[in-house]
Amino acid sequence: MNRWLLWLPLALFGLFFAAFATGLIMPKDNIIESKMVGKPMPAFSLPGAVEQRPALSSADLAEGKPTLLNIFASWCVPCIAEAPHLLALQQAGAEINAIASRDTPQDIANFLNRWGNPYSRIGTDTTSKVQLELGSSGVPETFVIDGNGIIVHQHIGDIREEDVPKILKLLEDAK
Amino acid sequence: MIAETGLIALWLAGALTLLQFILGAVGLRTDREAYFAAIRPVAIAQGLFVALSFLLLIWLFLRSDMSVKLVAMNSASVKPLLYKFAGTWGNHEGSMLLWVTVMGLAGAFIALFERSLKTRTLVATLAAQAFISLGFYAFLLISSNPFERMFPVPADGQGLNPLLQDPGLAFHPPTLYFGYVGLSVAFSFAVGAMITRDVGAAFAKAMRPWVLGAWIFLTLGITAGSYWAYYELGWGGWWFWDPVENASLMPWLAATALLHSVTVLATRDGLRAWTLMLAVVAFSMSMIGTFLVRSGILTSVHAFAVDPERGSFILALLALYIGGAMALFALRVGTVKEGSRFELVSREGALVANNLLLSVILALVFIGTLYPLFVEAITGDKLSVGPPYFNLATGPLALMLVAVMAAGPLLRWRRDNPRTLLNRISIPILITAASLFALALFTTGMSILSLLGMGLAAGVAIASFAPLWKRNLRRTPMHTYGMVIAHFGIAVALVGMASEASFTEEKLVAATPGDEIVVNNWKLKFEAIEPVAGPNWTALESRITAQYGDGALHPINPQNRMFAAAQTQTSEAALLTRWNGQLYVVLGDGDSEGRWQIRVWWKPFVTLIWYGGILVALGGLLAMVGRLRRGYKQRKQREFAEAML
């Protein structure tokens with residue numbers, strides 16, 4: 001047998017080792033981003049969720065000014081955590097619209113009374129139909145939409161304090 | 001105090017392992033008898049201390065001692081006793097402790113019972129075994145102390161992953177671990193033999209029971225794991241080619257090849273270098289499997305808690321052991337004398353064919369499993385390799401392997417005549433042809449692979465008994481029966497797989513209580529949805545009665561379970577087993593109009609897959625007991641003859 005051939009297993013192993021090490025060192029992101037980013041908002045029209053705020057349709061999101069679309073639910077704990085940061089965004093001048101996912105008017109009203117209401121319009125999506133069309137798989141999620149109704153960015157999970165300036169910058173850039 | 005005692009026992013065991021390694025290494029260098037004599041008791045003591053440590057951890061879990069961090073994170077006081085017990089190894093630290101415990105006990109076992117190997121080779125083997133264990137001790141003691149306390153003490157624990165709260169869990173992971181560790185012993189034997197250049201029949205005979213033992217456990221582990229995934233994950237499939245499943249399949253493939261090549265080495269003193277390489281590869285596969293599962297490097301349905309730091313540690317150990325062994329192989333195998341030769345048409349030839357086919361299948365599974373990793377490392381794209389690749393790539397080879405399996409045991413060692421072979425397997429060939437003909441005539445919609453599989457299985461089922469033909473059944477050695485049963489088990493499993501793939505009928509309906517669902521000969525009546533409660537969960541249960549033809553009514557009640565401790569929902573499939581198959585029902589979500597998603601499968605003869613697996617393991621057990629008994633008898637006879645002289 002050729003003596004060099006005997007080193008082949010070690011060489012192959014070295015190759016796999018290199019691949020493993022790269023895989024381990026490389027940052028891992030397992031978040032599934034919506035395929036809708038960069039595309040126009042799908043057409044929808046949702047009835048209003050609470051009396052104090054008007055209903056929401058896709059036309060409301062293409063009126064020339066960049067907006068945020070927040071998907072939330074009264075039964076969602078991280079939504080409570082992000083509530084103060086949404087209020088901060090609103091005070092900084094952001095227009096925030098919302099889709100309430102699988103919820104009842106009474107629960108939504110209670111949630112807004114208790115944790116604050118940063119929203120301009122709230123549509124209610126009882127079967128998550130619009131949410132799924134948007135390519136969103138959970139709550140909370142927030143989309144940044146430019147003035148023409150194109151989705152610029154998708155934020156998955158609750159908005160933390162450190163995300164607020166980033167989102168404001170995205171809104172600024174979308175002008 | 002229990003936790004502290006456990007930690008002390010673990011440190012002592014670690015120290016003894018270091019001593020075992022030093023005694024072996026220095027002993028081999030200086031060739032001093034005193035070192036050789038001391039290594040056996042040290043190995044035994046090491047095994048005892050690590051076992052004590054593991055028993056104490058089990059005790060902590062049974063007592064629900066929430067001041068121990070590991071218990072608090074993975075157990076809950078309301079959990080049923082069985083799951084408290086099984087929870088000991090249902091987590092990273094506990095399972096690593098189980099691993100070193102089994103390794104320690106295996107070392108003690110070798111030290112106690114291995115008498116046929118040359119002293120130097122035995123010492124080298126024990127030193128190699130200690131060297132492997134040392135890495136895992138370092139891992140446990142430095143970064144994953146299972147006995148760590150926590151303060152403040154929580155009122156109750158966080159519970160165990162609900163998917164794992166199943167009797168299957170109590171046995172599935174430890175079974176695989178026994179298999180992995182058995183392969184580590186085979187690896188140690190191979191390293192020992194390479195160090196002393198003592199590769200021959202005696203080495204093969206000493207290693208064989210460990211390979212057989214490991215292989216039995218791996219077979220059982222994979223069979224149980226497949227059945228667990230089948231009924232617990234609620235997808236109706238029995239194998240998903242998921243990375244974690246492949247991680248258990250790859251060592252099995254390597255071990256199966258090793259099992260057959262070690263027989264050539266033990267009987268005919270052939271395939272020396274190849275057998276050494278396979279022993280190294282088999283253990284590499286179990287290490288790589290552990291690495292893939294623990295590091296989270298591949299995304300898998302099996303949600304293990306992952307941690308990159310642990311991944312790096314296992315990777316470092318992997319580089320040290322496998323890289324080291326492969327370098328040793330390259331340096332030493334050139335100096336190992338070539339074994340005896342054989343003709344192409346011979347028992348050895350068939351076993352080489354078996355080895356080559358198994359190695360190619362192993363390579364294909366390995367590439368398929370790691371391909372996404374390579375692509376991501378090079379291009380950054382994420383992709384996954386699915387069942388179509390694996391089935392297409394490995395299916396035809398597996399069928400060829402089965403065909404070789406039918407012929408191999410009927411061949412003579414060294415050389416045989418192709419024509420007499422054809423004579424011997426003419427009946428199985430006829431049966432295969434006849435069943436292929438019948439299947440093609442009377443069934444529709446079978447894929448080529450399933451058709452061939454079913455036909456081959458029929459022939460192989462007969463061929464597997466051919467080695468017993470015209471033999472005195474009472475004088476036939478036990479290991480021959482083992483082979484017959486194991487090969488028959490493969491045929492049985494193959495029938496199950498082909499039948500499941502071809503004849504499964506599926507129906508997905510949105511039903512309201514009162515509706516009737518018909519699948520094949522089954523009539524299912526959806527009676528009601530009712531809430532039920534278990535010890536640590538609540539569930540919605542659908543009350544369904546199933547009737548096969550005009551037979552009796554059977555209740556079959558799938559559930560949607562909600563676990564209190566971790567707020568997780570699982571779907572509990574309900575199964576109804578008949579002799580000719582299984583009815584499989586899953587309850588999905590309800591909608592606002594009171595309809596419920598119900599999915600029903602009728603899977604003819606699906607259970608044969610797992611019965612086949614059990615037969616294969618049983619065959620392995622018979623072979624192992626037979627070999628051990630024969631070895632013991634031969635030694636007694638030799639000792640008797642020496643005493644007479």
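User: In the hairpin that β6(A) and β7(A) form, which residue in the turn has a positive phi?
Analyst: Good place to start, with one note: this is a predicted model, in which local features need pLDDT of at least 70, side-chain atom pairs count only at pLDDT 80 or more, and totals for chains, interfaces and linings use all residues. Strands here are DSSP runs of E with at least two residues, and helices are runs of H or I with at least four, both numbered from the N terminus. The hairpin leaves 5 residues between its two strands, and the turn residue with a positive phi, about 85°, is A:G149.

User: Over how many bridges do strand β6 and strand β7 of chain A pair?
Analyst: Residues are numbered from 1 along each chain as its sequence is written, while chains are lettered from A and ligands numbered from 1 in the order in which they are written. Two strands pair if DSSP finds at least two bridges between them. A:F143 stands opposite A:Q154 in β7(A). Residues 141–145 (β6) and 151–156 (β7) of chain A run in the antiparallel sense, and their bridges number 5.

User: Which residue in β6(A) does A:L68 stand opposite?
Analyst: Strand β3 of chain A, residues 67–72, is antiparallel to β6(A) and joined to it by 5 bridges. In β6(A), the residue facing A:L68 is A:V144.

User: What is the order of the strands in the open sheet of chain A?
Analyst: The pairing in this sheet of 5 strands is mixed. β5 (122–125) and β7 of chain A each have a single partner strand, so they stand at the edges with one side left without a neighbour in the sheet. From one strand to the next the twist averages 20°, with axes fitted to C-alpha atoms (for helices over the stretch in contact) and angles running from 0 to 180 degrees between N-to-C directions. Strand by strand, the order is β5-β4-β3-β6-β7.

User: Which helix of chain A packs on the sheet, touching β6 and β7?
Analyst: Contact here requires C-beta atoms, placed from the backbone, to lie within 7 Å. The helix covers residues 163–173, and its direction makes about 170° with that of β7(A); it is helix α5.

User: What is the radius of gyration of chain A, and why is chain A called more spread out than a compact globule?
Analyst: Chain A has 5 helices and 7 strands. Its C-alpha atoms fill a box of roughly 85 × 35 × 30 Å along the principal axes. The radius of gyration is taken over C-alpha atoms, and the globule rule is 2.2 Å times the number of residues to the power 0.38. For 175 residues that rule gives 16 Å, so chain A is more spread out than a compact globule, its own value being well over that, at 22 Å.

User: What radius of gyration does chain B have?
Analyst: Chain B contains 18 helices and 10 strands, and its C-alpha trace spans about 85 × 75 × 55 Å along its principal axes. A compact globule of 645 residues would have a radius near 26 Å, and chain B agrees, with 26 Å.

User: How far apart are the centres of domain 2 and domain 3 of chain B?
Analyst: The bounds come from an automatic or database domain assignment. That assignment gives domain 1 (1–161), domain 2 (425–488 + 613–645) and domain 3 (505–604). Taken over C-alpha atoms, the centres of domains 2 and 3 are separated by 40 Å.

User: Is B:F526 buried or exposed?
Analyst: B:F526 lies in strand β3 (residues 522–533) of chain B. Beyond its neighbours within four places in sequence, B:F526 has contacts including B:D515, B:I544 and B:I598. A residue is buried if 20 or more other C-beta atoms, placed from the backbone, lie within 10 Å of its own, exposed if 12 or fewer, and partly exposed in between. B:F526 has 21 C-beta neighbours inside 10 Å, so B:F526 counts as buried.

User: How many residues does the contact take from chain B?
Analyst: Chain A contributes 14 residues. Those divide into 10 nonpolar, 3 polar and 1 charged, where Ala, Val, Leu, Ile, Met, Phe, Trp, Tyr, Cys and Pro count as nonpolar, Asp, Glu, Lys and Arg as charged, and the others, Gly among them, as polar. From chain B, the number of residues is 23.

Methods: Contact = placed C-beta atoms within 7 Å.
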